[in-house]
Amino acid sequence: MAESYKYPSSKNFKFRELKVYASTEWLADNKKKYRQVFDRYETTYVYAELSFYNKLFDEEDWEINVELKCFSLKKGRKEICNLRFENRKVSKYDSTVFIREGWGNKSEGQFWKKGTYYWEAWIEGEKVATKYFYVEDAGKHAGPGENAYLEVQSLRLYEGPYDDVTEDDRSYFRQFSSEETRYIYVEIILKNIHATKSWQCELFTKFYNDARELKGQVVRLQRVEKRDDLIKITAGWGSNVKGSWRKDRYTAELIFMDRLLSIIPFQVGEEFEEGITPVLLPDRHTPVVLDPETDTNQTFEDVMAKLDGLIGLTQIKEKVWDHAKYIQFLQLRKEKGFEEKEEINVHSVFIGNPGTGKTTVAGMMGLLYKKMGLLSKGHVHEVDRVDLVGEYIGQTAPKVKEAIEKARGGVLFIDEAYALARSNDDSKDFGREVIEILVKEMSNGPGDMAVIVAGYPKEMKHFLDSNPGLKSRFKLYFEFSDYLPQELSRIAAYACKEKGVDFSLEASRKIDEIIVNAFRARDRSFGNARFVYDLVEKAKINLGLRTMGTDNPRGLSKEALSLISTEDVDKIEYQPKKELPNIPVDQPLLDEAIQELNMLIGMDNVKTQINEMVHLVKYYRETSQDVLNNFSLHTVFVGNPGTGKTTVARILTKIYKALGILERGHMVETDRQGLVAGFVGQTAIKTAEKIEESIGGVLFIDEAYALTQSVGGVSHGDFGSEAIQTLLKRMEDHRGQFFVFVAGYPDNMQNFLKANPGLNSRFDKVLKFEDYNPAELNQIALSMFDEKGMVVDPSAQEFLLDYMGFIHEFRDKYFGNARTVRGLVQEAMKNHNLRLASLSKALRKKVDANVISLDDLSTFSKDKEQSIFTKKSIGFKK
């Protein structure tokens, strides 16, 4: 920004701006390509543009004396030029006057050298402004597509207020909500490749809408020091008032030294959608995901070295090396003119138990294929049956195609893929449609994708045999064996390093004993690396409890706070899996529960999921397979108020009882208040008591997210986390003896599951309860009237359906669904009773006392401003 100076108000002008540019190209609205940083080898002349307002506009012509002086600060202050404009005529027809002139040489790189410079503007002998500019020298002239200063490392988008968001608090989105978005920020991470000297980085971020209209521009000027490996810049545009972004497609374009660095497309729509937006680079034909979590600069040798660095997996490493060498052989033949009849096959089957490194190796395969030129991105998109199978006819194909497009350029990793082929004679299972689409994609799709399917050996054989074309598409089979005890011990040491703890010599021996015993008693549900990580986590928890039980924990040394002792390991409650009772299926009770479920209005997706689970559990029981070790029956119920979460939880508990999965089949309902106490040590006891009460049944925690939220604005030291730790421990220790259902609103439950690393892994079954549509709300209302022995007449029915459409259209996140409907029914009943009460006894006998008329609904207002369903928001009104 130019530095301005005071001058007498009696002058015929008012200073406007002093700008700098180098290109003589004219832009719209009499503008130039204004910059402050220039490359020596691309610069001929550097121009100053002085502009001022004509106070005698439309009155008379007049004359002015102007000087533009340029100075260098390379070795003290040195004047380069003094350009005088004496008696310059100012026309009365010009409201704004521009004076432009430059200095330099017509040959690039001849006059301007690396350094700091500035222009001064003088009018009538008075200095009115100063503008600095910088000339940088990267040592050579950059050719087309080259950049000798920086390289784009990561680009991500997030939302926030005017004063930005700290790095730890950012959530990254690919789509933004038009109603909730304030500023849209671009988080820019650049790699400094001109690290031999300090230099000035000037970055332009331009936001365009879909019609290519410039919505806004942000210019960032930042000094880059020699020691800086990365350059971090944020640039945002918008308003602190929500709603300034309309629904549309937008791009954010980054410009450096008059060259396009990248284009980041994004959308503004109904809701936020988390994710990293693929960006367009000038030298790439396809969009690329630039995420700092992925090191895009790794070489093929780096990826293979990282693979070799993994603990164990000897056979896997050898097979991956052989596979890579064979691909290189085929590529060499292609270079020499050989033609292969078949494309290089990159689709794989991973067979193995949990925690054996399948997901880790899948990620490395993606990077490996990228470095070998077989994939454009190399990322991994992980899915399972829930992500691919639709809830009703016609929904599966779009879900599968969406997952494929998200994986395009990388790896589509399908965990527990066998769940897509449940039985050979079940033609109604939508999982078969997923398989057919995958076969078609792998056969003649656009390519640029590797499919990796993973699961247990026996089930994966059944999966591959379920479709004639499926097995032929997979040429690579990788069998992940269970880790050996000595490998698990090394993993334990690595886990300690990650968690910032260490074992004493004796404690290390004890851990090794536990690992050996667990390895000997293992079945196919053995967690391998996950089991070891859990051991280390439990030992760390015991260390923490022992430390905080001392008189002065703050006075302990760092070693004391990190060294796990034998005592801490001894308290780990590790024991072999307890034998569970074999209870036969109670078919009458199951039929009753399923009928109750199917009679509920709406929630078709929930019914489908539960019915599928029932069929699958029955199949596993009929084939004498272990249900509890193949299914995680701890469930998350996600939905807005009044969508039937508690009702379905009770029915699901009855279903589990009928299937013989639960001994007692009761449900204990609680919330934060029932689990959290007010004093240290009491929360664990209170939570344990609720768990003991629910053994043999279900513990239903309503508004579970309250366990991870602050109380009174203070989150530090909250006892809710203690309740969660106790709950997670008991869920593992009493596996199969009780199940936990947690319920709450969508956004809050997402935060709840992220609050503790163990929560997500324990709850992998999610039932999503959508808001009821107007027809369903109307059906609920009629059902409630019917329960009260009332009949709604046709005119009232027509109004009621229309009113349900009104409250549904203007609902917000506080909308109560069935609860709201119950309130309306109660209001209608009150109006009905008041109407009858106002009649004489003689007239009352002539009126149908059990008919709800249109008059009984007269208090139902359609005024949006007065509606109880529209909550006032915090903020400023226009």
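## Exercises: salt bridges and a helix pair

This structure holds 41 salt bridges, where a salt bridge is a side-chain nitrogen of Lys or Arg within 4 Å of a carboxyl oxygen of Asp or Glu. The model is predicted, so local features need pLDDT of at least 70 and side-chain atom pairs count only at pLDDT 80 or more, while totals for chains, interfaces and linings use all residues. Residues are numbered from 1 along each chain as its sequence is written, and side-chain values use heavy atoms, with hydrogens and water left out.

**Exercise 1.** Find the salt-bridge partner of Glu-612 and say whether the two residues are buried or exposed.

*Solution.* Step one: the partner is Arg-385, and the closest N and O atoms of the pair are 3.4 Å apart. Step two: Glu-612 lies in helix H14 (residues 604-622) and Arg-385 in helix H4 (residues 385-388), so this pair ties together parts that are 227 residues apart in sequence. Helices here are DSSP runs (H or I, at least four residues), numbered from the N terminus. Step three: both Glu-612 and Arg-385 are buried; buried means under 20% relative accessible area, exposed over 50%, and partly exposed in between (1.4 Å probe, protein chains only).

**Exercise 2.** Work out how accessible Lys-471 and its partner Asp-465 are.

*Solution.* Start with the pair: the closest N and O atoms of Lys-471 and Asp-465 are 2.9 Å apart. Next, look at accessibility: Lys-471 has a relative accessible area of 41%, so it is partly exposed. Asp-465, at 38%, is partly exposed as well.

**Exercise 3.** Describe how helices H13 and H14 pack.

*Solution.* Remember that two packed helices are described by the angle between their axes and the distance between the axes.

- Angle and distance: H13 (residues 587-599) packs on H14 at about 165 degrees, with the axes 10 Å apart. Axes are lines fitted to C-alpha atoms, for helices over the stretch in contact, and angles run from 0 to 180 degrees between N-to-C directions.
- Direction: H13 is therefore roughly antiparallel to H14, a label for angles over 145 degrees.
- Residues: Leu-590, Ile-594 and Leu-597 are among those of H13 that meet H14, whose contact residues include Ile-610 and Val-614; contact means heavy atoms within 4.5 Å.
- Classes: the contact has five nonpolar, three polar and two charged residues. Nonpolar covers Ala, Val, Leu, Ile, Met, Phe, Trp, Tyr, Cys and Pro; charged covers Asp, Glu, Lys and Arg; the others, Gly among them, are polar.

How values were computed:
Helix = DSSP H or I, 4+ residues; strand = E, 2+ residues; numbered from the N terminus. Parallel < 35°, antiparallel > 145°, perpendicular 65-115°, else oblique.
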